[in-house]
Amino acid sequence: MVKLLLFSTMTMKLSIKSAPPAVVVGSKGWRDATVRSILRAEDLTRQTHVDQLHSSTRYRSRMNSGLGKDHRNDWETKEEFQPKPTGSMLTSGIISGPFPPPALRNQSAVVSTSMVGEYMRGVREVEGHLRRQASRVTQEGTRVEHQREQLEKLLRSLRKALLANQQSSDGRTFRPATTETIRDGADDLLHNERRGLNVLKQELESMLRKTLTQQQVLAESSKQLLDCAFERSKVTDLLPQHGSLSAGVKTYPSPLSLKPDPTGPFTPECKQALDSSSTVLRESQQLRENISQVMRDVIKKQTDMQHSASEALQKKITETINLEHHLTLSSAATRQAIYRKQRQMQCAGYSLGRVMGPVCSADIFCHERLGRPMTQLYGRHSVVGLPEYDLLTQGSTMLRKHLESSGKEIAELQFAHQQLEDDKYGKRAAASVDSSVVRLRRRLVPPQSVWPVTS
């Protein structure tokens, strides 16, 4: 409509210019009002980019149309201070002029595809970081799992050691004699071993609880990273059906080096997941180092305590066997003394019988008879009796006393021999019990159950 008006105005001006000059009838105010209306219409037309390309021609045509100098000056002033058109819808390198070119749809698609490609690459880079971090967290969880298995294996070894210690203490109560069940150094070492193993067991159980808690934290961190990566992986929905994403795309810094943006590839949730996973990894590595050190200490302490208790039992067995050997020798010497004393008693009894003489007077020899002629003749000449009777009496008395004392000594020797035999039996039984305890400990807690700790 404006173009038609301007075209009719210019046609009229040309026709008027070609016609002979006419007399001006209308008033100046009436004419100025019309000119102002025309100028306002041209300004509006120029601001809407309708007449931008041919504005200079139309300005010249307007100045040649008979408008006044004042109006021309006003027009030039207005044109000088008029703001430039702001209507570049896309980048200046692609589109120029007030009207979009015919290829606007294609250029818009190119710009959109470039933006999509840039965003997609950033999101995929963030997704790659998230998945790599999740892989590191998973690997750390696997290491923690292996260490937890070693921890549980060591804990089972401690429980077996406690069971062996309890059975060892109970087994030593089956020693036969009361003198063998008296508390000794081996019992003290077994008690200390049981107390130390309980302390180590509580420490390992505490570390096992920490390990299980750390595994849960690692699993939660991995799940959070994978959730963020899955949410970022939905960028594949932005892939175009045709064409390339590399056209017109500029190279920008890594999204992880920029500040997190809720609307950008690197969201605050992703940053929080990465930061928390890094913290969890550091804590897990520190925990694994602590667990490895604790396990090494536990293995060393357990080995030392088992070695001490086993060495004490071995020493007790050696001492018992040595005492048993001494008891055997002493018992043999005592038995020989008994046999020797019994032979002496037999000789003394035979001598006493010889002193007592025969049972029948008919068995007395002639030189032993008191009424023999020499004895009767000596009795008539001397009042001092012969010492034969007194000597026989004294001899028989001494032999009887010797037989009595020998009997008592034999009884004492037999009692001592019996004590030695009982003590020897007790020592043999105690050594057998301690040997069975040592074999039990070796069977329940073999040396190969203690292994080097690997982190």
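Me: What do the values rest on?
Reply: The model is predicted, so local features need pLDDT of at least 70, side-chain atom pairs count only at pLDDT 80 or more, and totals for chains, interfaces and linings use all residues. Residues are numbered from 1 along each chain as its sequence is written, and side-chain values use heavy atoms, with hydrogens and water left out.

Me: At what angle do the axes of H5 and H7 cross?
Reply: Two packed helices are described by the angle between their axes and the distance between the axes. Here the axes of helix H5 (residues 104–171) and helix H7 (residues 268–356) cross at roughly 20° and come within 10 Å. H5 and H7 are therefore roughly parallel (angles under 35 degrees). The residues of this contact comprise 15 nonpolar, twelve polar and four charged.

Me: Which residues have the most contacts inside the largest nonpolar core?
Reply: In soluble globular proteins, nonpolar side chains tend to be buried together. A nonpolar core is a set of buried Ala, Val, Leu, Ile, Met, Phe, Trp, Tyr and Cys residues joined through side-chain atoms within 4.5 Å. The largest has 20 residues, and Leu151, Leu204 and Val298 have the most contacts inside it. H5, helix H6 (185–233) and H7 each give two or more residues to this core.

Me: Is Thr267 buried or exposed?
Reply: Buried means under 20% relative accessible area and exposed over 50%, with a 1.4 Å probe and protein chains only. Thr267, in the loop between H6 and H7, is buried, at 6%.

Technical notes:
Axes fitted to C-alpha atoms, helices over the stretch in contact; angles between N-to-C directions. Helix = DSSP H or I, 4+ residues; strand = E, 2+ residues; numbered from the N terminus. Parallel < 35°, antiparallel > 145°, perpendicular 65-115°, else oblique. Nonpolar A, V, L, I, M, F, W, Y, C, P; charged D, E, K, R; others polar.
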